[in-house]
Amino acid sequence: MREWLLTDTPGSRTQARLGRLYGGWLAFARNRLAMVGLGIIVLLILMALLAPLIATHSPYDQDLANRLQPPSGAHWFGTDQFGRDIYSRIVHGSRLTLYIVLLVAVTAPVVGLLIGTVSGYLGGWTDIVLMRITDIFLAFPKLILALAFVAALGPGIGNAIIAIAITSWPPYARIARAETMTIRNSDFISAVRLQGASPVRIILGHVIPLCTSSLIVRVTLDMAGIILTAAGLGFLGLGAQPPLPEWGAMISTGRQYLLEQWWVATLPGLAIFVVSLGFNLLGDGLRDVLDPKNG
Amino acid sequence: MIEVEDLNVIFGHGGGAIHAVRDVTFRVGAGESFGLVGESGSGKSTVLRAISGLNPDWTGIISVDGEAQRQRRDKAFHKRCQMVFQDPYGSLHPRHTVDRILEEPVAIHGMGDADKRIDRVLREVGLGPQFRFRFPHQLSGGQRQRVAIARALILEPRVLLLDEPTSALDVSVQAEILNLLKRLRSELALTYILVSHNLSVVAFMCDRLAVMNRGRVVEEMDAVTLRRGEASQDYTRQLLRASLGYDRAAADSFRDFA
């Protein structure tokens, strides 16, 4: 199997592609920290998928007699001000975190990639117009702009995701454009132009595949920032609304009890920290594998 | 087959404009192999890029196969006229397999039968089917250049523009590629325009050639005259002397021909 994957003379398209993937995986697996990051992300995904099985309590059931209990056998991470089990809330909150991360990851980089490659490849007026729009978005601090959007759209987790996506595409457009500018005058692009390929074909089939790897790395590294922005919006009461167990919102309510009942705010904070760290480690590892400068 | 008349190429505008090609005129007959020779910066590659359609900043007349060409070319032109680049390390997409590289032009022109065509063209350039699903980084320089030639040939063009096709390869591989190109020309009745700074390559490959210096054609002659070393212009004689290898007395006698 290993030999079949790593052969120098693949016999079919699929084998060539799988062999390439396997080679990348081997390089990735050599990086211990990256594997730790991958492990954290896999755990997060499993936790989100199996949330009802893993959670010991309902994330919404209130038990006012047992409010603000410290961590114990019955409540592993203690209870919050309504007597809800914090462990169960964190487990269910992983679904929200993943939901935010996934939606942002499939929207912002795609928009950024399209705008950046089109702008970089076509140049001229298209480039000027698209890049000035990008500049306008870049001129605002991300969180402030997201706050403005959420304020206009109304609080809620869906609007928070839209706001984060709208504010996070410009850097991707910039990266994709820079990457495209280095590619567009290369001989292999000239060659495909000489074959009569349309700009759409060249951008989709030839430019984008070369930009995606650096973009994937950047997106993974930004995931931590996205989670933090989402948590920040939740903390400010503009993201997920109570009683949703969003980690940022949980920290926000726990803040009032920080000195006497530290676990209410600290444990969701730790969850954000661990997941952000996981994405950062994963991104670092992916950079080593995907960075086109080494390939 | 190819007529170029009063070709001028100017890059940039105003004070910073560079007049890269000045009033170049030549004709290449069908099935002929024509060389463009000159030192670096003489404008020979620029002429080739203008003919291929890669560079739209030209004025004058370029006609291929009896049709006057405009700055923008249509698909039919690209099917007739293909180009092989100098650097085989830069002319193949690093993330595409040989198969994908060769399949693309077939798909663009809707020629169909990609499988058979790829198989045949790989054989024509002397690569077996075992190379078909490799990525460029799994190929040597010579093999890459063969793939680049195959990519140009798969459209069944009538004209092949060769931009220093061997100067990035080591000497033994150079000979292989030149022999391959020579064989393909006679088998497929191709017309070549070959750009090179290497006089012996041109003498080997071409029937006729033009010598360029500072954007102008200095002299046109046939390969027989070149081999005998009977150039009529001073610049060409100097180029011939330079091509014999380094010689201090010769180097000292070189001058600038403006």
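**View 1. Packing of helices α5 and α12 within chain A.** In this predicted model, helix α5 (residues 86–122) of chain A packs against helix α12 (residues 263–290) of chain A at an angle of about 40 degrees, with their axes 11 Å apart. Helices (H or I, at least four residues) and strands (E, at least two) are DSSP runs, numbered from the N terminus. Axes are lines fitted to C-alpha atoms, for helices over the stretch in contact, and angles run from 0 to 180 degrees between N-to-C directions. The crossing of α5(A) and α12(A) is right-handed (the near helix is turned clockwise from the far one by less than a right angle). From α5(A), the contact (heavy atoms within 4.5 Å) draws on I86(A), I90(A) and V101(A), while α12(A) provides W263(A), V264(A), L267(A), P268(A), A271(A) and F279(A). By class, these residues comprise nine nonpolar, no polar and no charged. Here Ala, Val, Leu, Ile, Met, Phe, Trp, Tyr, Cys and Pro count as nonpolar, Asp, Glu, Lys and Arg as charged, and the others, Gly among them, as polar. Chain A as a whole has twelve helices and zero strands, and its C-alpha trace spans about 75 × 50 × 25 Å along the principal axes.

The model is predicted, with local features requiring pLDDT of at least 70 and side-chain atom pairs pLDDT 80 or more, whereas totals for chains, interfaces and linings use all residues. Residues are numbered from 1 along each chain as its sequence is written, chains are lettered from A and ligands numbered from 1 in the order in which they are written, and side-chain values use heavy atoms, with hydrogens and water left out.

**View 2. Packing of helices α3 and α4 within chain B.** The axes of α3(B) and helix α4 (residues 114–124) of chain B come within 10 Å and cross at roughly 115 degrees. This crossing is right-handed. On α3(B), V98(B), D99(B), L102(B), E103(B) and V106(B) meet A114(B), R117(B), I118(B), V121(B) and L122(B) of α4(B). The contact has seven nonpolar, no polar and three charged residues.

**View 3. Helix α10 of chain A against helix α3 of chain B.** Helix α10 (residues 199–235) of chain A and helix α3 (residues 98–108) of chain B pack at an angle of about 165 degrees, their axes lying 13 Å apart. This angle makes α10(A) roughly antiparallel to α3(B) (over 145 degrees). R201(A), G205(A) and H206(A) of α10(A) make the contact with R100(B), E104(B), A107(B) and I108(B) of α3(B). Two of the residues are nonpolar, two polar and three charged. The helices pass each other in a right-handed crossing.

**View 4. The interface of chain B and chain A.** The contact takes 36 residues from chain B and 26 residues from chain A. Together the chains bury about 2,700 Å², 54% of it on carbon and sulfur atoms (accessible area, 1.4 Å probe, that two parts lose on being put together, summed over both). H93(B), R95(B) and F133(B) supply 25% of the area that chain B buries against chain A, more than any other three residues.

**View 5. Salt bridges of R13(A).** Three salt bridges are found across the interface of chain B and chain A, each defined by a side-chain nitrogen of Lys or Arg within 4 Å of a carboxyl oxygen of Asp or Glu. The side chain of R13(A) meets that of D99(B) in a salt bridge (2.7 Å, N to O). This pair runs between chains, from D99(B) in helix α3 of chain B to R13(A) in helix α2 (residues 13–29) of chain A. R13(A) also forms a salt bridge with D115(B) (3.9 Å, N to O). Over all chains, the structure holds 28 salt bridges.

Key: Parallel < 35°, antiparallel > 145°, perpendicular 65-115°, else oblique.
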